[in-house]
Amino acid sequence: NDDYVDLGTISTSNKLQLSSPANNGLTIMFSSYGAAGGDDFSRIIDKSNSGNAANGWSIWRNLTPNNFTFRSNNVYSLNSSNSGIVTNTWAIWAISHNQTTGDWVWFKNGQSDSSGNQSYSIPSVQTNARIGTWNHSTAREFNGRIGFILVYEKALSSDEVQQNYNYFKDRYGL
């Protein structure tokens, strides 16, 4: 708790902008071990300059109903599955969004957990980025552990998500 990784300033030419991904989409995959309690809206990763992922994007944990949310530019939210986060247990998560079709899918441990269709807009604005907290003030630290984070400029297929899950799962006892 209260530890984070500061990624520094993300320039408008940095691939972490995700405002105009080379392959018309994005996928963010990570492993987490959530402890009980902590801040509501605690961040896995945040690249923005204000609350609700203004001028960027973030993934955060909701304590109620205990799931993850991807949000971009203060408006667009893609919620995780209803199965939620199991306290003191590792899981591998991914959010994949096809910018062309609007289709998005949350995955938990290689399996689709929820899906939908929604557009999103991430402006090309220079902001800071952090893993484990938001980047513009104190609080919102993730209470637990983050094992890895992968960011892709494309929507991974379910087979690609499964392949990554299979690669990492033994490290987390899954």
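The chain comprises 1 helix and 11 strands in this predicted model. Along the sequence the elements follow the pattern β-β-β-β-β-β-β-β-β-β-β-α. The radius of gyration is 15 Å, close to the 16 Å that the globule rule gives for 174 residues, so the chain is as compact as a globular protein of that length. Its C-alpha atoms fill a box of roughly 40 × 35 × 25 Å along the principal axes.

Five of the strands, in the order β9-β8-β7-β2-β11, form an open sheet with antiparallel pairing. Its edges are β9 (111-117) and β11 (144-152), each of which pairs on one side only. From one strand to the next, the twist averages 15°. Within this sheet, β7 (residues 90-98) and β8 (residues 103-108) pair in the antiparallel sense over 5 bridges; W104 in β8 is the bridge partner of H97. Helix α1 (residues 158-168) packs on the sheet, where it touches β2 (25-34), β7, β8, β9 and β11. The direction of α1 makes about 140° with that of β11.

Over the whole chain, 47% of the 174 residues count as buried. Of the contacts between residues at least 6 apart in sequence, 64% join residues at least 24 apart. The accessible surface comes to about 7,700 Å², of which 42% belongs to carbon and sulfur atoms.

Key
Residues numbered from 1 in each chain as written. Predicted model: local features only at pLDDT ≥ 70, side-chain atom pairs only at ≥ 80, totals over all residues. Heavy atoms only, no water. Pairing = 2+ DSSP bridges. Helix = DSSP H or I, 4+ residues; strand = E, 2+ residues; numbered from the N terminus. Axes fitted to C-alpha atoms, helices over the stretch in contact; angles between N-to-C directions. Contact = heavy atoms within 4.5 Å. Rg over C-alpha atoms; globule rule 2.2 N^0.38 Å. Buried < 20%, exposed > 50% of the residue type's maximum accessible area, 1.4 Å probe, protein only. Areas by Shrake-Rupley, 256 points an atom, 1.4 Å probe, with all protein chains shown as cover.
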